[in-house]
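Welcome, and thanks for coming along. Please open the structure in your viewer and keep the selection tool at hand.

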Amino acid sequence: MFSIEDIGNRIRFLRKENNMTSVDLAQKIQISQPYLSQIERGKQTVSVDILINICNVFGMTLEQFFSQKDSFSDVISLNKVMRAAGNLNNEELEALHNFLEIITKNVVKKKSD
C-alpha cells in the first residue's frame, strides 16, 4: 500500500530522474509549482486526474507507477550510493569497485547453483 508520502516521493524521484524541475513538471500538468511541491512532500493528496497527467509526462501507466514499490526503494538507495561515490577518492573508488565485483560474482554464482 502506498502512503501519500510514498506517492510524493515517487513523483519527485521520477521528476529528478528525468532532469525536470518542479516548475517544468507543474507547467506540463497544468498545476502550480507550490501545489506540486506539497504533493511531492506528502502534504497534499494528488487527484487521479493529476496523477494520470504525471504518468503521461513520464510515459507510464498508473499500474506501472504503483508497481514494484520495493524495487523503487532499491533504486532510490542505489542512486544515493552512486551520488556518494562521486565524492570518493581514487583509493576509495577502487575499494568500492572491488566490493561490487565480489557481490556480483556471488549473485551470479547463487543464481547458477
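**Before you start**

This is a predicted model, in which local features need pLDDT of at least 70 and side-chain atom pairs count only at pLDDT 80 or more, while totals for chains, interfaces and linings use all residues. Residues are numbered from 1 along each chain as its sequence is written, and side-chain values use heavy atoms, with hydrogens and water left out.

**Stop 1: the whole chain**

Show everything as a cartoon. You will find seven helices and zero strands, with the pattern α-α-α-α-α-α-α along the sequence. Helices here are DSSP runs of H or I with at least four residues, strands are runs of E with at least two, and both are numbered from the N terminus.

Of the 113 residues, 26% count as buried. Buried means under 20% relative accessible area, exposed means over 50%, and partly exposed lies in between (1.4 Å probe, protein chains only). Residues 24 or more positions apart supply 59% of the contacts that have a separation of 6 or more; a contact means heavy atoms within 4.5 Å.

**Stop 2: helix α2**

Select residues 22-29, which form α2. Which residues of α2 are buried? They are Ser 22, Leu 25, Ala 26 and Ile 29. Looking down the axis of α2, these buried residues fall within an arc of 100°, so they line one face of the helix. The arc is that of the directions from the helix axis to the C-beta atoms. An α-helix has 3.6 residues a turn, so residues three or four places apart point the same way.

Now turn to the other side of α2, where Gln 27 and Lys 28 are exposed. The buried residues of α2 pack against α1, α3 and α4. Just after α2, click on Gln 30, which takes a positive phi of about 60°.

**Stop 3: helix α4**

Next, select residues 48-57 for α4, where Ile 50, Leu 51, Ile 54 and Cys 55 are buried. They cover an arc of only 140° around the axis, which puts them on the same side of α4. On the other side of α4, Asp 49 and Asn 56 are exposed.

After α4 comes Gly 59, with a positive phi near 65°.

**Stop 4: the nonpolar core**

The largest nonpolar core has 20 residues, and Ile 11, Leu 25, Ile 31, Phe 58 and Phe 65 touch the most other members. Each of α1, α2, α3 and α4 supplies at least two residues of this core. A nonpolar core is a set of buried Ala, Val, Leu, Ile, Met, Phe, Trp, Tyr and Cys residues joined through side-chain atoms within 4.5 Å.

Pick Phe 65 and display its surroundings. Not counting residues up to four places away in sequence, Phe 65 touches Phe 2, Ile 7, Arg 10, Ile 11, Leu 14, Leu 51, Cys 55 and Met 60.

**Stop 5: a charged trio**

How many salt bridges does the structure hold? There are two, a salt bridge being a side-chain nitrogen of Lys or Arg within 4 Å of a carboxyl oxygen of Asp or Glu. Select Arg 12, Arg 15 and Glu 40, which are linked in a network of salt bridges.

Arg 12 and Glu 40 meet at 3.8 Å, N to O. Arg 12 lies in α1 and Glu 40 in α3, so the pair ties together parts that are 28 residues apart in sequence. Glu 40 and Arg 15 meet at 2.7 Å, N to O. This pair also links distant parts of the chain, with Glu 40 in α3 and Arg 15 in α1, 25 residues apart.

Arg 12 is partly exposed at 22% relative accessible area, Glu 40 is buried at 4%, and Arg 15 is buried at 8%. Beyond its neighbours within four places in sequence, Arg 15 is in contact with Met 20, Thr 21, Ser 22, Leu 25, Glu 40 and Phe 58.

**Stop 6: the surface**

The protein exposes about 8,100 Å², and carbon and sulfur atoms supply 52% of it. Accessible areas come from the Shrake-Rupley method with a 1.4 Å probe, and for residues only the protein chains shown count as cover.

Select Phe 99, Leu 100 and Ile 103, which make a nonpolar surface patch of about 270 Å². Patches are made of residues with over 30% relative accessible area and no salt bridge; like charges are joined within 9 Å, and nonpolar side chains (Val, Leu, Ile, Met, Phe, Trp, Tyr) within 5 Å. Ile 103 lies in helix α7, residues 90-112, and counts as partly exposed at 35% relative accessibility.
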